[in-house]
Amino acid sequence: MLYDQAQLAVAYITAFQVSGEQFYADVAKDILLYVSRDLSDKSGGFYSAEDADSVPASGGQEKREGAFCVWMASEIRELLPDMVEGATDSATQADIFMHHYGVKEQGNVEPEQDPHGELRGQNVLIVRYSVELTAARFGITVEKVSKCLASARAKMAEVRKTRPCPHLDSKMLTSWNGLMLSAFACVGAVLGDKALLERAVQAGNFLKEYLWDAEKQTLLRSCYRGDQMEVQQISPPISGFLDDYTFLICGLLDLYEASLQTEWLQWAEELQFRQDVLFWDDLGGGYFCCDPRDSKVLLQLKEDQDGAEPSANSVSAFNLLRLSNYTGRQEWLQKSQQLLTAFSDRLTRVPIALPEMVRALMAQHYTLKQVLMLKEENPDSVLSRLPSLASLTQLDGIATAYVCQNFTCSLPVTNPQELRRLLLDGTTDMQTK
């Protein structure tokens, strides 16, 4: 599922930032490589999902769960027979691969996990050990193990290409594309990967071209891949729901932070205005899931739980706070606080039900910092409206950063190490209001 891949990529790249463990960065990048290869439309959009089941390579018409991805130990041994120089016990490439990924001769899927017997004798490849532990087990270097595993994966990928592919759900949802936009922007920014950032920009352009009705100032819910590989809409098209606006706004803010292209911040601002008009509850606070003026909707609901996807109100609480910090619009800060108040009983009684909203609440409490690294001269840009930017200048024609909190900024910083210290320590002499 696209929404799973998007959220996992962000979680793994965040784990990398916190821990410094390269493994997490590698997983995040591999997720996006899979999405780019198998879930991407040439228009720039992202497909919704691939089926879990498919026709097995051994033949037959009945689909089986995991058939495209699982392996028998005998297949791996036949494919990877080469001895690895220097490895203990005359280990082959297959021995090292099977150890690292937990492959067993009889299969590694327990019977209770396979009630229909579809995976009997098969192996799901799962990283069981770090590269360092695998290297120690076979008495070879980490570099040699990494090369051995990469070579093995490449060979197995070629074999997997010959298997019947699982069915592709080529529907493209605005909400899930917004989540994946965040993933490409965040991972690309953290890793400094230009290709990932370019893919994020391509996704942003797709969303604006195909899923934004500029005339009506309304998002559309979805589009599809047609028979000729063209992008199609159903007739009449479905207008976007709250999560379409919320997840896309979040993705655009992440894309702005990754690219510093203010067009994405500008669009996020426009979408937030529309979201407020369409879904905001003036009486109770927070957002309805659907437009309350839609006579076809019999019951107006507000999600109060972060499930497989975070609830749109949870994400909105943080979006509003971020946009308030970028634009200086205090009404959005107030809306964020009103939203949190609307869900305060749920937050107090069962905070684990709304972890994303708890994150927004913590950001309200501890106050976000702004790192202003790009000041545009364009008087019509979003950032040019901020009074706090008026007195910020570039020093001696070189890159200059200001660390700001509550729109009060530090002395100018031109040294990366000093900027890092300010961000980590939070100790700075504030001078500008």
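Strand E10 (residues 369-372) and strand E11 (residues 402-405) run antiparallel and are joined by 4 bridges, where two strands count as paired if DSSP finds at least two bridges between them. Helices (H or I, at least four residues) and strands (E, at least two) are DSSP runs, numbered from the N terminus. This is a predicted model, in which local features need pLDDT of at least 70 and side-chain atom pairs count only at pLDDT 80 or more, while totals for chains, interfaces and linings use all residues. Residues are numbered from 1 along each chain as its sequence is written, and side-chain values use heavy atoms, with hydrogens and water left out.

Within this pairing, Lys 369 has Gln 405 of E11 as its bridge partner. In E10, Gln 370 and Leu 372 make up a covered face, whereas Lys 369 and Val 371 make up an uncovered one. In a regular strand the side chains alternate between the two faces of the sheet.

The structure holds 1 disulfide, a term that stands for a pair of cysteine sulfur atoms within 2.5 Å. The disulfide links Cys 404 and Cys 409, whose sulfur atoms lie 2.0 Å apart, and the link is right-handed, with 100° about the S-S bond.

| Cysteine | Relative accessible area | Class |
|---|---|---|
| Cys 404 | 1% | buried |
| Cys 409 | 1% | buried |
| Cys 250 | 18% | buried |

Cys 290 is in no disulfide, as the nearest cysteine sulfur, that of Cys 289, is 6.1 Å away.

Methods
Buried < 20%, exposed > 50% of the residue type's maximum accessible area, 1.4 Å probe, protein only.
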